[in-house]
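Here is a walk through one protein model. Keep the sequence and the 3D view side by side as you read.

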Amino acid sequence: MTPHAGKTLEQISDSRKGKIVVRRIGWAVLALVILLVLVVLASVVYQGIASAVDASAYPPPGRLVDVGGFRLHIHFTGSGGPTVILDAGNGGSSLDWSLVQPGVATFTRVCSYDRAGYGWSDSGPTPRTSERIVRELHTLLVNAGVPGPYVLVGHSFGGLNMRLYTYTYPQDVAGLVLVDSSHENDPTALKAIMDGQQQLSTCQHFAPFGVVRLLGSLNQFISPYPSAIQTVVKAHLYQTRFCGTWYDESAAWDESISQVRTARAQHSLGHLPLVVITYGKDLDASWQALQNDLAGLSSNSTHVIASMSGHAIMFDQPDLVIAAIRQIVTKNLNAGHSFITSAMTSCKGQVTARLLHTTRGRATNTIPFSYRRERRGDGTTSAPLLIPDMNTDKKVTKALTESEERETALSA
């Protein structure tokens with residue numbers, strides 16, 4: 001064999017070995033791709049089955065009402081009027097009111113509902129602005145046969161929505177309760193929302209594959225809820241659409257606050273009964289100033305500091321929220337008497353709320369309350385009641401009189 005022939009045979013052998021290596025690499029890559037596809041399919045199937053099981057295990061307590069191609073969930077309890085409508089904050093649902101709704105239902109009809117994409121409601125069209133949310137809520141109430149007037153209650157972002165509803169449909173609103181409501185001029189809100197957008201974006205991309213569910217990435221949002229409903233909350237949080245819904249609402253923040261600013265400039269709340277409740281734990285002066293501004297939107301307002309609460313007042317001091325709603329429903333604002341008639345207290349009956357604003361949103365006072373419970377006809381006792389005693393009533397009357405005198409002097 002010549003040297004040339006030997007080289008040729010070696011080259012052929014090397015070429016064959018190279019082709020074999022390439023072929024093996026190709027098969028390995030193909031196997032990995034197939035494995036990856038199978039894992040992805042398995043993850044999607046896992047997420048779909050788990051979501052379906054959750055939906056079956058926890059059916060809606062209320063009704064699903066068509067509002068134009070998709071359905072919103074609304075839950076009615078109680079009877080009487082005016083009807084109270086509850087709207088939760090970003091990422092919240094009708095379950096946010098689980099400690100408030102039963103108490104309100106003892107004295108009037110109350111409805112909690114899920115905005116599109118949350119809780120038991122279907123996903124809705126984008127952008128998820130306050131204006132769109134308000135239109136959907138109005139359609140929901142009409143289609144569900146819930147006549148006004150309404151007492152609107154909104155927590156956080158829900159407060160923006162309820163204000164815009166009041167500006168848009170003033171004839172339908174009997175009163176407004178803002179529970180640590182967002183404010184359109186809050187300089188810190190946009191930064192907080194933008195900081196959360198990246199996490200929500202990651203969440204919405206991985207949620208369809210069950211990764212968020214497997215890692216328990218949203219468990220931190222479950223703990224504030226009562227233990228009895230935490231499994232239901234968890235089922236909602238790990239639905240595929242949840243993170244995307246929260247992301248869409250946050251993405252529309254600028255547009256939503258612009259809509260509220262415009263409506264505020266064009267309309268006034270006038271003498272509409274208004275109660276503003278602000279968290280009291282480590283209360284920031286700038287936040288209190290914004291909440292004071294909200295209390296000044298009506299000439300018939302009350303501002304209460306929930307001294308034992310963080311942002312989630314409906315969990316920390318639910319009776320204080322119930323009290324604010326009762327104040328409006330039972331017409332306690334009549335004749336200038338603007339004071340909370342019930343609120344959450346400690347076991348020792350210590351007052352845990354401070355009244356800041358009285359009638360016309362003018363007088364600024366801290367009014368003490370006495371504490372008692374009432375026995376009902378069936379033998380049970382009521383929620384803790386905080387009522388003004390005689391000395392307190394004199395202080396309230398004096399504050400109101402001084403406020404009236406100042407207004408008279410200013411208008412003269």
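A cavity here is a set of grid points where a 1.4 Å probe fits but cannot get out. Its volume is the space filled by probe spheres set on those points. Keep in mind that this model is predicted.

Searching the whole structure turns up three cavities of 30 Å³ or more. The largest cavity has a volume of about 60 Å³. Its lining includes Gly91, Gly92, Ser93, Leu95 and Asp96. Tyr118, Gly119 and Tyr225 also line the largest cavity, as do Val233, His236, Leu237 and Phe242. Helix α7, residues 230-237, gives the most to this lining, with three residues. By class, the cavity lining has six nonpolar, five polar and one charged residues.

Now turn to the open space. The largest pocket holds about 720 Å³. Its lining counts 32 residues, and Asn90, Ala192, Ile193, Gly196 and Trp246 lie nearest its centre. Helix α5 gives the most, with ten residues. In the pocket lining, 16 residues are nonpolar, 14 are polar and two are charged.

Finish with helix α3. It covers residues 130-143, 14 residues in total. From first C-alpha to last, α3 reaches 20 Å, close to the 20 Å expected at 1.5 Å a residue. Which residues of α3 are buried? They are Ser130, Arg132, Ile133, Val134, Glu136, Leu137, Leu140 and Leu141. Just after α3, Gly145 takes a positive phi of about 70°.

Definitions and conventions:
Residues numbered from 1 in each chain as written. Predicted model: local features only at pLDDT ≥ 70, side-chain atom pairs only at ≥ 80, totals over all residues. Heavy atoms only, no water. 1 Å grid on protein atoms, 1.4 Å probe; cavity = no way out; pocket = protein on both sides within 12 Å on 5 of 7 lines; lining within 4 Å. Helix = DSSP H or I, 4+ residues; strand = E, 2+ residues; numbered from the N terminus. Nonpolar A, V, L, I, M, F, W, Y, C, P; charged D, E, K, R; others polar. Expected span 1.5 Å × (residues − 1). Buried < 20%, exposed > 50% of the residue type's maximum accessible area, 1.4 Å probe, protein only.
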